[in-house]
Amino acid sequence: MLNRRHIRIKVMQTLYAFDGSESDDLKKDERFLIQSLENMYNLHLLMMSLFIEVQKRAEDQLEKVQKKHLATKEEKNPNKKFINNSILQFLKNNEVVKNELEKRKIDYWYLDFEYIDIIYKAILESDIYADYMKTEESSFKEDKDFLVDVFSEIIAPNEKLYEYIEDKKLTWVDDLPVINTSILKLLRKVKKDSLDTYFTPELFKDDEDKDYAVVLFKKTILNRSKFNEEIAQKTTNWDSDRIANLDAIMLQMAICEFQKFPSIPVKVTINEYLELAKEYSTPKSSFFINGILDKIVKEYTEQGKLNKIGRGLM
């Protein structure tokens with residue numbers, strides 16, 4: 001579910017929260033990093049369970065309407081297309097999803113049901129819903145496209161939901177765009193014959209990615225002083241106080257990848273940190289970071305310090 005960019009973001013955030021001292025005892029901070037990554041998966045499950053609860057809310061509403069003493073013909077025989085949406089039904093009844101929610105104790109919506117009502121009402125009032133409910137039958141593709149539109153246009157941008165997520169866990173605010181993008185990608189690519197564990201993907205692609213997160217964090221911390229010396233040599237015209245903290249951290253991480261990760265291509269490292277700078281730091285940060293990294297790469301190349309393995313890694 002997480003790619004290397006997501007991992008770099010979490011390492012960067014953890015380094016930013018770190019007190020700046022170098023120590024061989026980093027277990028506490030490692031645990032913080034791993035927990036922070038694990039919490040991203042909890043957020044993924046929370047957002048997926050939102051679909052389940054909205055479907056249940058619609059089902060409950062339908063049952064109440066049908067039991068009205070003076071229910072109309074339309075109320076007695078309502079259009080059940082929404083509650084019968086094949087993907088919503090799968091999520092509701094899937095044991096893998098249910099077990100993950102129980103194991104991780106993701107039951108927030110039970111107490112905070114008002115947010116389910118907010119999303120449900122927004123769906124009912126939308127043109128997306130009106131267009132979808134014009135017919136009573138639907139194909140798997142139509143069900144999927146409907147949920148893609150609901151998520152991208154109603155759920156993901158909802159400000160009250162954003163505030164709720166922020167209140168629940170502060171680190172989730174930065175994680176939410178990543179998780180929303182991941183869920184949207186899952187919805188767009190879902191296929192009818194591949195649903196069993198589809199919405200509960202592994203957090204890491206493999207053990208190598210999990211190890212990468214911890215090693216990048218540890219080696220950046222343990223070599224921070226040396227990396228800062230290199231940065232200082234390339235920024236003689238800059239007062240160190242003028243370099244944004246995040247810029248310094250991204251430079252440290254990039255130098256760490258140059259030196260300590262022989263299988264990561266230089267161009268990949270540079271491109272990744274330039275993208276992070278554009279997203280998380282100042283408007284001019286990407287130009288600043290690009291200039292410093294370019295100088296360092298040229299110096300390492302001349303001195304034979306870029307020990308990259310594999311073809312095309314320069």
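These legends accompany an overview and several close-up views of a predicted model.

**Figure 1**
The C-alpha atoms fill a box of roughly 85 × 40 × 35 Å, taken along the principal axes. The chain has 314 residues, and 48% of them count as buried. The accessible surface comes to about 17300 Å². Carbon and sulfur atoms account for 48% of that surface. Contacts reach across the sequence: among those between residues at least 6 apart, 81% join residues at least 24 apart.

**Figure 2. Helices α1 and α2 cross at roughly 135 degrees.**
Two packed helices are described by the angle between their axes and the distance between the axes. Helix α1 covers residues 4-17, and helix α2 covers residues 27-66. Their axes come within 10 Å. The crossing angle of roughly 135 degrees makes α1 oblique to α2. The crossing is right-handed.

**Figure 3. Residues of α1 and α2 meet where the helices touch.**
From α1, the contact uses K10, V11 and T14. From α2, the contact uses D29, F32, L33, S36, L37 and M40. Sorted by class, five of these residues are nonpolar, two are polar and two are charged.

**Figure 4. D247 is a buried residue of helix α14.**
Helix α14 spans residues 245-260. The relative accessible area of D247 is 5%. Buried means under 20%, so D247 falls in that class. Which residues does D247 contact, leaving aside its neighbours within four places in sequence? They are S281, T282, S285, F288 and I289. One of these partners, S281, is 34 residues away from D247 along the chain. The C-alpha atoms of D247 and S281 are separated by 7.0 Å.

**Figure 5. K105 is an exposed loop residue with a positive phi.**
K105 sits in the loop between α5 and α6. Helix α5 covers residues 95-103, and helix α6 covers residues 108-111. Is K105 buried or exposed? The relative accessible area of K105 is 63%. Exposed means over 50%, so K105 counts as exposed. The phi angle of K105 is near 55 degrees. That is a positive value in a residue other than glycine.

Technical notes: Residues numbered from 1 in each chain as written. Predicted model: local features only at pLDDT ≥ 70, side-chain atom pairs only at ≥ 80, totals over all residues. Heavy atoms only, no water. Axes fitted to C-alpha atoms, helices over the stretch in contact; angles between N-to-C directions. Helix = DSSP H or I, 4+ residues; strand = E, 2+ residues; numbered from the N terminus. Parallel < 35°, antiparallel > 145°, perpendicular 65-115°, else oblique. Left-handed = near helix turned anticlockwise from the far one by under 90°. Contact = heavy atoms within 4.5 Å. Nonpolar A, V, L, I, M, F, W, Y, C, P; charged D, E, K, R; others polar. Buried < 20%, exposed > 50% of the residue type's maximum accessible area, 1.4 Å probe, protein only. Areas by Shrake-Rupley, 256 points an atom, 1.4 Å probe, with all protein chains shown as cover.
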